[in-house]
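Biologist: Could we go through this protein together? I would like to begin with its contacts.

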Amino acid sequence: MERVVLVTGASSGVGLALCQRLLEEDGRIHLCIACRNAQKNEDTRDLLLASHPAAQVSTVEVDLGNLASVLRVARELRCRFQRLDFVYLNAGIMPNPHVNFKALWHGLLTGKVLHMLTTAEGIMTQTDRLNGDGLQEVFATNLFGHFMLVRQLESLLCSNEKPARLIWTSSSNARESAFSLSDFQHAKGQESYSSSKYATDLTSVALNRKFNKQGLYSSVVCPGLVMSNMTYRILPVFLWKLLMPIMWLIRFFARTYTLTPYNGAEAHVWLFKQKPEYLDPLVKYHSCTSGLGKSYVEPRKMDVDEEIAEKFYQKLLELEKQTLERYSDLLD
């Protein structure tokens with residue numbers, strides 16, 4: 001039987017490139033794309049079928065920042081499929097990003113600018129807000145909505161003949177310094193994106209400890225610096241055009257400047273071909289591109305504490321319990 005692959009955030013950027021590359025890798029898969037907007041879903045499906053007319057491509061509509069939407073789509077997927085082989089947890093937001101040019105200038109003077117440009121540490125902040133569920137929007141969309149989706153799809157992911165895979169899109173911006181267990185939604189800080197991505201790393205580690213014996217494996221990837229709709233919101237377009245020649249040069253020194261969504265999806269596709277039993281659950285797989293344009297994958301140990309990961313997982317379970325009590329009418 002064909003493998004069933006679910007990709008969230010599939011309408012643009014790395015998500016769209018990933019879908020195209022997966023169909024190039026194995027045209028027999030059943031690809032299910034999940035986006036917030038129904039029209040974008042259909043447009044993406046048409047685009048994929050235009051280049052792969054024999055492919056099996058279906059759609060589901062879900063807003064990961066809306067828990068009722070997550071529960072509805074999970075129920076739909078349980079009705080539609082008997083199993084899921086891969087779930088790419090790729091959708092994400094970075095609202096109202098701001099660049100601290102003063103910090104960037106200081107980094108230039110102190111020799112730390114390359115590190116800052118590859119991790120965005122100290123130079124990029126976001127303004128977060130509460131969503132309709134009373135959760136911080138970035139945490140809800142980037143992490144908790146995906147966590148709820150995984151939990152609701154356990155029957156399709158566990159105890160299959162072959163291992164099932166979760167592959168999270170994380171970031172090199174995932175830093176422990178931006179995350180606090182006592183404020184895991186990052187309500188009090190200004191680096192909600194970094195916090196949510198570090199929370200993603202912790203969640204993946206905890207899920208492996210809980211579910212590997214049931215045949216479910218989790219991995220995290222970093223697509224590198226990709227020019228996408230999310231990136232273009234950080235600076236005006238004309239500035240990006242001026243900076244692009246410099247960014248191509250930086251790639252000789254910072255291999256995570258993948259720049260194109262196609263290159264950014266390198267680690268996602270590489271993991272599609274690996275046996276999960278042989279992967280290190282404490283490693284993040286980075287998409288990299290050499291200065292001459294050759295793409296490759298670089299594994300790097302994550303800066304995560306397994307005890308903190310377990311404590312955070314328990315907090316997620318508590319929040320999940322509150323959610324399910326609130327939306328009990330959407331459960332089977």
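Biologist: What share of the contacts with a separation of 6 or more comes from residues 24 or more positions apart?
Modeller: Residues 24 or more positions apart account for 73% of those contacts. A contact means heavy atoms within 4.5 Å.

Biologist: Where does the model come from, and how are residues numbered?
Modeller: This is a predicted model, in which local features need pLDDT of at least 70, side-chain atom pairs count only at pLDDT 80 or more, and totals for chains, interfaces and linings use all residues. Residues are numbered from 1 along each chain as its sequence is written, and side-chain values use heavy atoms, with hydrogens and water left out.

Biologist: How many helices and strands are there?
Modeller: The protein has 13 helices and ten strands. These are DSSP runs numbered from the N terminus: helices are H or I with at least four residues, and strands are E with at least two.

Biologist: In what order do the strands of the open sheet lie?
Modeller: Eight strands form the open sheet, in the order 3-2-1-4-7-8-9-10, and their pairing is mixed. Two strands pair if DSSP finds at least two bridges between them.

Biologist: Why is one side of strand 3 and of strand 10 left without a neighbour in the sheet?
Modeller: Strand 3 (56-61) and strand 10 (295-301) stand at the edges and each has a single partner strand, so one side of each has no neighbour in the sheet. On average, neighbouring strands of this sheet are turned by 20° against each other, direction ignored. Axes are lines fitted to C-alpha atoms, for helices over the stretch in contact, and angles run from 0 to 180 degrees between N-to-C directions.

Biologist: In which sense do strand 1 and strand 4 pair?
Modeller: Strand 1 (residues 4-8) and strand 4 (residues 86-89) pair in the parallel sense, over three bridges. Val-5 has Phe-86 in strand 4 as its bridge partner.

Biologist: Which strands does helix 3 touch?
Modeller: Helix 3 (residues 67-80) packs on the sheet and touches strand 1, strand 2 (30-35) and strand 3. The direction of helix 3 makes about 150° with that of strand 3.

Biologist: And which strands does helix 6 lie across?
Modeller: Helix 6 (residues 137-152) lies across strand 1, strand 4 and strand 7 (164-169), and runs at about 175° to strand 7.

Biologist: New topic: is Thr-200 buried or exposed?
Modeller: Thr-200 is buried, with a relative accessible area of 0%. Buried means under 20% relative accessible area, exposed means over 50%, and partly exposed lies in between (1.4 Å probe, protein chains only). Thr-200 sits in helix 8 (residues 192-211).

Biologist: What does Thr-200 touch?
Modeller: Leaving aside residues up to four places away in sequence, Thr-200 touches Asn-142, Leu-143, Trp-168, Ser-170 and Val-220.

Biologist: Where is Asp-133, then?
Modeller: Asp-133 is in the loop between strand 6 (124-125) and helix 6. Asp-133 counts as buried at 12% relative accessibility. Residues that Asp-133 touches include Gly-65 and Arg-326.

Biologist: What about phi of His-186?
Modeller: Phi of His-186 is near 60°, a positive value in a residue other than glycine. His-186 lies in the loop between strand 7 and helix 8, and is buried, with a relative accessible area of 8%.
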